[in-house]
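Please read each point with the structure open.

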Amino acid sequence: MGIEHYDLFIIGTGNAGKHVAYDAVDAGLRVAIADNREYGGTCANRGCDPKKVLVGITEVLERSIDMQGKGVCDLPRIDWKDLMAFKKTFTEAVPFTTERKLEDLGIKLYHQSPKFLGENTLSVEGKTVTADKIVIATGNIPLELKIPGREHLLISDDFLELEELPESMIFIGAGYIGMEFAHIAARCGVDVTLVDVNERILSNFDEGLALYLQENSEQLGIKFIFNARAVGVEKLRKNHRVTLQVDGKEQEIKAELVFNTAGRVPAVADLDLEKGNVSYTPKGVTVNEYTQSTTNPNVYACGDVANTGELPLTPIAHQEARITAKNILKGENYMKLDVPPTPSVVFTQPQLAMVGMNEKQAREAGYDFVVNEQNVPDWYNSKRMNQNCYAYKTLVDKETGYILGAHILSWDAAETINMFVMAMCGRLDVNTLKGMVFTYPSWASDIKSMI
């Protein structure tokens, strides 16, 4: 049997990979795509989407608790099995519908992670294939903690498939994933401990607001251990014992389940990139400003696996996929990657959201700016919901009046931050924003008081 040849071969069927495939087919290219897991990628199958379903029910519970005695009499009871069944209505059909759409477009489907044999040659499902262009869009996978007993550690995938909740959990890592799952579990009655090697949670976010969220999380019952490195995990009869090094001293903690939420790394280990002359670092496939490999011009990378310097977020993956497709179809230097101000959110409750620069970044960039910062639990939107945690910080350029960065901690931060995104992308100065009329009373109307 002869070697199959394609105009384009895509590795990965998540948001980045499949959107490159759609554009390529529309342009008349012969396309193949491969994945070593269920089609549809992390976000839809085992990431953002199912996680937000679980977050939604805990928001209902939190809202009820806040209003208990203020009109709410009986608190709702969470049925975890029903919640997980509801979650599955969002995920179960994703692989099938993704495959069907790709197949209906005439795309050849493979169900294995390919390996490079040469710059334009891959081995997949025991076959050798060649392609004029290859796109790597394999995303990120959990960072392996290379400690004794690591086989007992669970990951985020496992949390999203739990048939029932245990009495206690430990999360090793207090970043996005650890914090979000910790809040879900704690609100469902689980005894939760978070461990992190850093001095605080969410080191990429504004320190003051992160600490405010940490205090709020402690009020929820979540326990934190900082400056702590996990050095071993042991299975006991019911629980697991985690051994920590904390400030040079050994400490042991126990819980029924232990989750590795220490971060994610580019999924490149199985690709044999060296044989394809594709350079990479721990941050991902090395690409230029056109998302093209710096060492193999026939290879592109987009999404979380690409070292573009951008955040590993679904909207960024979409943007990078669009640029990748343009450069493959129109010419390799047709369009540079230009990512607009991009918000980032931690879906705890309250939510922590940010867009643009923090103070350190603004100083390093040479800006002369004003910082507006305040804790405002007494503002109307917080008080009407009987909330006790609302804060913000905004950075405004003195010369232009443009917003350099916005940071919000509130019930509605994930939505409110989008107002700042629009202002920054639209180059609206603070006087223009203050002159606008927003619906009142709404969370969005508060932004005029934040600048």
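**Note on the salt bridges**

1. In this predicted model, Glu359 and Arg363 form a salt bridge, with the closest N and O atoms 4.0 Å apart. Both residues belong to helix 10 (residues 359-364), and because they are 4 residues apart there, about one helical turn separates them. Glu359 is partly exposed, at 24% relative accessibility, and Arg363 is exposed, with a relative accessible area of 52%.

2. Glu359 and Arg363 also take part in a network of salt bridges, in which Asp206, Glu373 and Lys393 are linked with them.

3. A further salt bridge joins Lys51 to Glu180, whose closest N and O atoms are 3.0 Å apart. Lys51 is located in helix 3 (residues 48-66) and Glu180 in helix 7 (residues 176-187), so this pair ties together parts that lie 129 residues apart in sequence.

4. Are Lys51 and Glu180 buried or exposed? Lys51 has a relative accessible area of 12% and is therefore buried, the cut-off being under 20%. Glu180 is likewise buried, at 4% relative accessibility.

5. Glu289 and Lys336 form a salt bridge as well, with 3.7 Å between the closest N and O atoms. Distant parts of the chain are linked by this pair: Glu289 sits in the loop between strand 17 (284-286) and strand 18 (299-301), while Lys336 sits in the loop between helix 9 (314-330) and strand 20 (344-346), 47 residues apart. Glu289 is partly exposed, with a relative accessible area of 43%; Lys336 is partly exposed, with 45%.

6. How many salt bridges does the count give? The count comes to 21 salt bridges.

Definitions and conventions
Residues are numbered from 1 along each chain as its sequence is written. This is a predicted model: local features need pLDDT of at least 70, side-chain atom pairs count only at pLDDT 80 or more; totals for chains, interfaces and linings use all residues. Side-chain values use heavy atoms; hydrogens and water are left out. A salt bridge is a side-chain nitrogen of Lys or Arg within 4 Å of a carboxyl oxygen of Asp or Glu. Helices (H or I, at least four residues) and strands (E, at least two) are DSSP runs, numbered from the N terminus. Buried means under 20% relative accessible area, exposed over 50%, partly exposed in between (1.4 Å probe, protein chains only).
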